[in-house]
Amino acid sequence: MVYLDHAATSSPKAPGVALAVADALGTSIANANRASHRSAIAASMTLYRTRRRAAALLGAADSDRVIFTSGTTLALNMVILGTLRPGDGVLVSPLEHNAVMRPLQRLAQCASIRIDRFRCAPDGSVDLADYRARLAAKPALVVCTACSNVTGVMLPWPELAALARAAGVRFCLDAAQVLGTMPLSVTDTPVDFLCASGHKGLLGPTGTGLLYVAPDVELDAVICGGTGSDSASETQPAAYPDHLESGTLNLAGIAGLGAALEFIAATGPAAVARRLDTLTAAAHAALSAISGITVHSPANAHGVLSFTHAQLSPSALTREFDRHDIAVRCGLHCAPAAHQTIGTYPDGTVRFSFGWFTTEDEIGNAITVLRSIVCGCD
Ligand code: PLP
């Protein structure tokens, strides 16, 4: 199987991940922070090590500000529901995933929050005058994707975050498509919140993700419960990470994520970025040369390419790829607004997405198959 669906989740996972998950499940690892027996301490150490590795990758000075989640979706919901109050405004890009838009639309319906979108062209360039004007209306939060999961286009988020900070508006970065696949430091480029998946660019297990909350920021907990700490109190602890981490965590997943983070640290996100960008540019050139194919991503897209064919629908193309054992994703990729922005709504596109383990040969194979599928359509 040629797997070109890394934007959904990585496959294979980093070396050591499966073993770490199996070890956590197979040994007598207990619940973390719940007791003082040896197995509970081993579990707490697993959390501690993984949290420290995640903080190091993010350039975060305080690892207690790194919260384990089940993925980017939960992290985004925690930020959105924990920040916005009835009547608040929120500013988003027009390329957001439904992990952002669905909680926002729910709040628009039940808490009258106002959703505003800044202007952003399909190539990711943002109309900064328009962005500044919308910030001046004092939304309570900006939520912005670092990289579109539909086109691979990068948004100028460091500049957008700095402008939001200068305007006194909280900034939440959806880093689902970039954490692990490019250097990123919350110290060099401060954001108030960063939400990411453990199972995409980090090459960790599904069901893992991260939320980073800046040290000077307080976030209301939307999920409250047992943390093993301050048990005499029936109110949620204020100390991080417990404030935002209630209930039993996905310890086996977090053990796997720890192994994945070790691999990414040894490989280096800059090396991953170079590899992905080289693969993407080569695939872009090859796709663009096929008669009838329109590529909707720029040549400098980051690991993701969307394309359509003049006659064959995205779903028909995807079925053909599947017949040839090539896994790609078609449709709207949970981001209808992004497809409206690039003019491919409602049919969507076919998406190739690459990862650290994708090879030139696999992409060459997919391109050869695509040529054979579309030949005869001229
Ligand atoms: N945000 C973006 C930009 C995504 O691409 C995705 C998933 O594809 C998500 C959020 C949701 O991530 P998760 O599956 O980890 O919840």
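Modeller: An axis here is a line fitted to C-alpha atoms, for helices over the stretch in contact, and angles run from 0 to 180 degrees between N-to-C directions. Helices are DSSP runs (H or I, at least four residues), numbered from the N terminus. The model is predicted: local features need pLDDT of at least 70, side-chain atom pairs count only at pLDDT 80 or more, and totals for chains, interfaces and linings use all residues. Residues are numbered from 1 along each chain as its sequence is written, and side-chain values use heavy atoms, with hydrogens and water left out.

Start with α8 and α11. Helix α8 covers residues 269–288 and helix α11 residues 360–374. Their axes lie 11 Å apart, at an angle of about 20°. The two helices are therefore roughly parallel (angles under 35 degrees). Their crossing is right-handed, meaning the near helix is turned clockwise from the far one by less than a right angle. On the α8 side, contact (heavy atoms within 4.5 Å) comes from Arg 275, Leu 279, Ala 283, Ala 286 and Leu 287. α11 supplies Glu 360, Ile 363, Ile 367 and Leu 370. By class, that contact has 7 nonpolar, 2 charged and no polar residues. Ala, Val, Leu, Ile, Met, Phe, Trp, Tyr, Cys and Pro count as nonpolar, Asp, Glu, Lys and Arg as charged, and the others, Gly among them, as polar.

Now α5 and α6. Helix α5 spans residues 128–136, and helix α6 spans 157–166. They pack at about 30°, with axes 10 Å apart. So α5 and α6 are roughly parallel to each other. α5 passes α6 in a right-handed crossing. Leu 128, Tyr 131, Arg 132 and Leu 135 of α5 meet Glu 159, Leu 160, Leu 163 and Ala 164 of α6. This contact has 6 nonpolar and 2 charged residues, with no polar ones.

The structure holds 2 cavities of 30 Å³ or more. A cavity is a set of points, on a 1 Å grid over the protein atoms alone, where a 1.4 Å probe fits but cannot get out; lining residues have an atom within 4 Å of a point.

Key. 1 Å grid on protein atoms, 1.4 Å probe; cavity = no way out; pocket = protein on both sides within 12 Å on 5 of 7 lines; lining within 4 Å. Points joined across faces, edges and corners; volume = space filled by probe spheres on them. Parallel < 35°, antiparallel > 145°, perpendicular 65-115°, else oblique.
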